[in-house]
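Here are a few notes to read alongside the model. Take them one at a time and keep the viewer open.

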Amino acid sequence: MKKIYLFCSAGMSTSMLASKMQSVADAHNVPVKVAAHPHNKIGEIIATDRPDCILLGPQVKYMYDETVAQYGKENIPIAVIDAGDYGMMDGEKVLKTAIKLIKNNK
């Protein structure tokens, strides 16, 4: 099972998106676990529950470079969620993006 974790400042709106992504995955029998976490827990989560893909909420886009600098060597794809998809809470589109990132990371 692949783990797709969303990170933002508090984890509120990303948890709504995460559950929409999980619903789409479940409906299509895609074996993934989607969860949202606050950005300050990213190191701890990589250490204990290694994700296959890290997605940053648009509101923490400014932390992308720092996140890649700190965790890029872990060989986990890291991307910022498209602001339009995020605003529309388009779970399917964001899920497809995450799956593409995981496949391209092989």
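1. Is Cys8 buried or exposed? Keep in mind that this is a predicted model. Cys8 is buried, because its relative accessible area is 2%, and a buried residue is one under 20%. You'll find Cys8 in strand E1. Leaving out residues up to four places away in sequence, Cys8 touches Thr14, His37, Pro38, His39, Gly57, Gln59 and Val60. There is also a database note to go with this position: UniProt, in an unreviewed entry, lists Cys8 for "modified residue: Phosphocysteine". That annotation may be inferred rather than shown by experiment.

2. Staying in E1, which covers residues 2–8, have a look at Lys3. Which backbone atom does the side chain of Lys3 reach? The answer is the backbone oxygen of Arg50, at 3.4 Å. If you set aside neighbours within four places in sequence, Lys3 is in contact with Lys33, Asp49, Arg50, Pro51, Asp52 and Cys53. Two of those partners, Asp49 and Cys53, get their own points below.

3. Asp49 sits in the loop between helix H2 (42–48) and E3. With a relative accessible area of 25%, Asp49 is partly exposed. Beyond residues up to four places away in sequence, Asp49 touches Lys3, Tyr5 and Lys33. For a sense of scale, Asp49 and Ala35 are 14 residues apart in sequence, and their C-alpha atoms are 11 Å apart in space.

4. Next comes Cys53, in strand E3 (residues 53–56). How much relative accessible area does Cys53 have? The value is 0%, so Cys53 is buried. Once neighbours within four places in sequence are left aside, the contacts of Cys53 are Lys3, Ile4, Tyr5, Ile76, Pro77, Ala98, Leu101 and Ile102. Cys53 and Val34 are 19 residues apart in sequence, with 9.7 Å between their C-alpha atoms.

5. What does the side chain of Gln22 reach at 2.7 Å? It is the backbone nitrogen of Val34. Not counting residues up to four places away in sequence, Gln22 touches Val32, Lys33 and Val34. Gln22 counts as buried, since its relative accessibility is 18% and the limit for buried is under 20%.

6. Now for a pair of helices. How do H1 (residues 12–27) and H5 (residues 91–104) cross? Their axes come within 8 Å, at an angle of roughly 75°, and the two helices are therefore roughly perpendicular to each other. On the H1 side, the contact is made by Leu17, Lys20, Met21, Val24 and Ala25; H5 contributes Gly91, Glu92, Val94 and Leu95. Sorted by class, this contact has six nonpolar, one polar and two charged residues.

7. Lys93 also lies in helix H5. This residue is partly exposed, with a relative accessible area of 44%. Pick out Lys93 and Met21 together: they are 72 residues apart along the chain, yet their C-alpha atoms are separated by 8.5 Å.

8. Most residues other than glycine have a negative phi. Met89, however, has a positive phi of about 55° although it is not a glycine. Met89 is found in the loop between helix H4 (83–87) and H5, and is buried, with a relative accessible area of 14%. Asn75, in the loop between H3 and strand E4 (78–80), has a positive phi as well, near 60°.

9. Last, a residue from helix H3 (residues 64–71): Gln70. Is Gln70 buried or partly exposed? Gln70 counts as partly exposed, at 39% relative accessibility. Between Gln70 and Lys41 there are 13 Å in space, C-alpha to C-alpha, and the two are 29 residues apart in sequence.

Note on methods. Residues are numbered from 1 along each chain as its sequence is written. This is a predicted model: local features need pLDDT of at least 70, side-chain atom pairs count only at pLDDT 80 or more; totals for chains, interfaces and linings use all residues. Side-chain values use heavy atoms; hydrogens and water are left out. Helices (H or I, at least four residues) and strands (E, at least two) are DSSP runs, numbered from the N terminus. A polar contact is a pair of N or O atoms within 3.5 Å; within protein, one must be able to donate a hydrogen and the other to accept it, and residues adjacent in sequence count only if both atoms are side-chain atoms. Contact means heavy atoms within 4.5 Å. Axes are lines fitted to C-alpha atoms, for helices over the stretch in contact, and angles run from 0 to 180 degrees between N-to-C directions. Angles under 35 degrees count as roughly parallel, over 145 as roughly antiparallel, 65 to 115 as roughly perpendicular and the rest as oblique. Ala, Val, Leu, Ile, Met, Phe, Trp, Tyr, Cys and Pro count as nonpolar, Asp, Glu, Lys and Arg as charged, and the others, Gly among them, as polar. Buried means under 20% relative accessible area, exposed over 50%, partly exposed in between (1.4 Å probe, protein chains only).
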